[in-house]
Each structure stands twice: as structure tokens, then as C-alpha cells.
Amino acid sequence: MYPTREEAERLLIEAEECNPGPWGNHSRVAAHCAEEIAKRSGLNPDKAYVLGLLHDIGRRFGKRHLGHVSDGYSYMMSLGYDEVARVCLSHSFNDGDINKYVGDFDTTEEETKLIKDELEALVQDDYDLLINICDAISGSDGVMDMIDRMNDVKRRYGGYNQEKWDKNLELRTYFEEKMGMDLYEAVDKENFKVVRIR
């Protein structure tokens with residue numbers, strides 16, 4: 001289950017009112033990228049858009065690192081949107097390994113256990129992989145070069161796991177082969193700009 005586009009947009013705006021910041025527009029860029037890649041990859045564009053828009057919805061609850069993963073997962077499960085809950089969890093782990101998370105481990109024991117247990121039970125599908133790749137190219141103003149985006153994250157958090165880095169590059173190739181075209185061309189990197197809400 002996942003919400004309609006309209007409901008997803010409402011949930012994001014409501015979440016930004018709770019915790020304003022560039023994460024909201026980053027989510028809009030990710031939604032745009034997910035929709036455009038999905039159109040060319042045999043995936044459902046509406047579903048992809050909604051998953052991209054809500055992947056960081058856990059940020060509604062404040063400035064947390066790993067905590068935004070468990071917050072988003074629990075929040076979406078509480079609304080019955082299990083497919084969104086899934087990407088709230090999977091978008092931070094492109095290979096399912098919690099130890100490669102980039103950022104602070106600011107979760108309680110219970111939250112950490114929840115993430116670990118759910119990751120172990122999860123077999124990532126193309127939607128999980130899609131939101132991972134979109135997260136890796138989405139800035140708050142528009143589409144970014146993946147290397148630049150990963151370097152930005154590396155600067156902000158003091159490191160970036162090399163295997164996670166390499167996996168993102170593999171995912172780019174994977175989706176380019178599915179689409180039969182360049183990733184940045186598919187998402188109109190040079191021209192797309194997010195409509196800034198805040």
C-alpha cells in the first residue's frame with residue numbers, strides 16, 4: 001500500500017511544517033528522478049514518485065541521522081503504507097548492511113533492532129534500488145552529479161563507505177541498461193529545478 005500523489009504531497013508539506021529544511025525539496029527532486037527513471041524502466045511511475053517523495057518522511061520528527069530511518073518506517077507503517085515504510089528503511093542501505101550507514105547511529109536499542117530485523121527480512125526489489133539511486137543524485141535545488149553528491153555527504157558526515165559508493169555506481173549502470181539511455185539525460189539533469197516550497 002502507498003498513498004496517492006496528492007496525499008503524499010500533503011504528508012510532505014505537513015512534515016516540513018514540523019521540521020523545516022532542505023530535506024523537503026531534496027525529496028521532491030528524488031520524486032522527479034524516480035518518476036522519470038520508472039517511465040523508462042518498466043516500473044510504475046506514480047508509485048515511484050510517491051516512494052521518492054516520502055523516502056525521508058522520518059525527518060518530520062526532527063534532526064536525526066539513523067533515527068530518521070526508524071521514524072519514517074514506523075510512521076508509514078502506522079498509516080498502513082507498508083510500501084513506503086519499506087523504502088524509508090531501504091533507501092539508506094543500498095546493500096542492506098546497517099554497518100555501512102553514513103551518519104550518526106543516534107537510535108535507541110529498540111530502534112536499532114527494528115532496523116536490523118527488517119533489513120534482514122528484506123529482499124530489495126527494483127523500487128528499493130530506484131530510490132537508492134535517486135537519493136544519490138538528488139540535491140535540494142535539482143539533480144546533482146552522483147560523485148558530487150556523494151562527496152557532499154562525505155564532507156558533511158566525515159566519510160563514505162567505499163563499498164556503498166561503488167554500489168551506487170553499479171546501480172547507475174543497472175538503470176542505464178534498463179532504460180537504454182544516460183541516467184542524467186533521463187532525469188533532465190541540466191534543466192530540472194525543483195519548485196521551492198520553502
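## Starting near the end of the chain

Asp188 sits in the segment that follows α10; helices here are DSSP runs of H or I with at least four residues, strands are E runs of at least two, and both are numbered from the N terminus. Asp188 is partly exposed, because its relative accessibility is 33%; that label covers the range between buried (under 20% relative accessible area) and exposed (over 50%), using a 1.4 Å probe and protein chains only. Its backbone is worth a look too: Asp188 has a positive phi of about 55° although it isn't a glycine. Most residues other than glycine have a negative phi.

## What kind of model this is

What you're looking at is a predicted model, where local features need pLDDT of at least 70, side-chain atom pairs count only at pLDDT 80 or more, and totals for chains, interfaces and linings use all residues. Residues are numbered from 1 along each chain as its sequence is written, and side-chain values use heavy atoms, with hydrogens and water left out.

The pLDDT score is the predictor's confidence in each residue, from 0 to 100. Across the protein its mean is 94, and 98% of residues reach 70 or more. Confidence is highest in helix α3 (residues 45-54), with a mean of 98, and lowest in helix α8 (residues 146-157), with a mean of 89.

Helix α9 has 18 residues and runs 26 Å from its first C-alpha to its last. That is close to the expected 26 Å at 1.5 Å a residue, where the expected span is 1.5 Å times one less than the number of residues.

Which residues of α9 are buried? They are Lys164, Trp165, Asn168, Leu171, Phe175, Glu176 and Met179. They take up an arc of only 130° around the axis, so they lie on the same side of α9; the arc is taken from the directions from the helix axis to the C-beta atoms. Their cover includes α2, α7, α8 and α10 (183-186).

## Phe175 meets Ser41

Phe175, in helix α9, is buried, with a relative accessible area of 0%. Leaving out residues up to four places away in sequence, Phe175 touches Ile37, Ser41, Leu43, Asp126, Leu129, Leu130 and Ile133, with contact meaning heavy atoms within 4.5 Å.

You'll find Ser41 in the loop between α2 (23-39) and α3. Ser41 is buried as well, at 10% relative accessible area. Besides Phe175, Ser41 touches Lys178 and Met179, again not counting residues up to four places away.

## The nonpolar core

The largest nonpolar core holds 60 residues. A core of this kind is a set of buried Ala, Val, Leu, Ile, Met, Phe, Trp, Tyr and Cys residues joined through side-chain atoms within 4.5 Å. Inside it, Ile37, Leu54, Met76, Leu130 and Ile133 have the most contacts. Its largest share, eight residues, comes from α2.

Take Met76: apart from neighbours within four places in sequence, it is in contact with Leu11, Leu54, Ile57, Tyr81, Val84, Ala85 and Cys88. Val84, Ala85 and Cys88 are among the buried residues of helix α5 (residues 82-90), along with Val87, Leu89 and Ser90. The buried residues of α5 pack against α3, α4, α6 and α7.

## Salt bridges

There are 24 salt bridges in the structure, each a side-chain nitrogen of Lys or Arg within 4 Å of a carboxyl oxygen of Asp or Glu. In one of them, Glu16 pairs with Arg28, with the closest N and O atoms 2.6 Å apart. Glu16 is in helix α1 (residues 5-18) and Arg28 in helix α2, 12 residues apart. Both Glu16 and Arg28 are buried.

Arg64 and Glu111 form another salt bridge, at 2.8 Å from N to O. Arg64 is in the loop between α3 and α4 (67-78) and Glu111 is in helix α6 (residues 109-121), so this pair ties together parts 47 residues apart in sequence. Arg64 and Glu111 are both buried.

Lys178 and Asp126 meet at 3.3 Å, N to O. Lys178 belongs to helix α9 (residues 162-179) and Asp126 to helix α7 (residues 126-135), so their bridge joins parts 52 residues apart. Lys178 counts as partly exposed, at 34% relative accessibility. Elsewhere, shared partners join Glu7, Arg10, Glu14 and Arg60 into one salt-bridge network.
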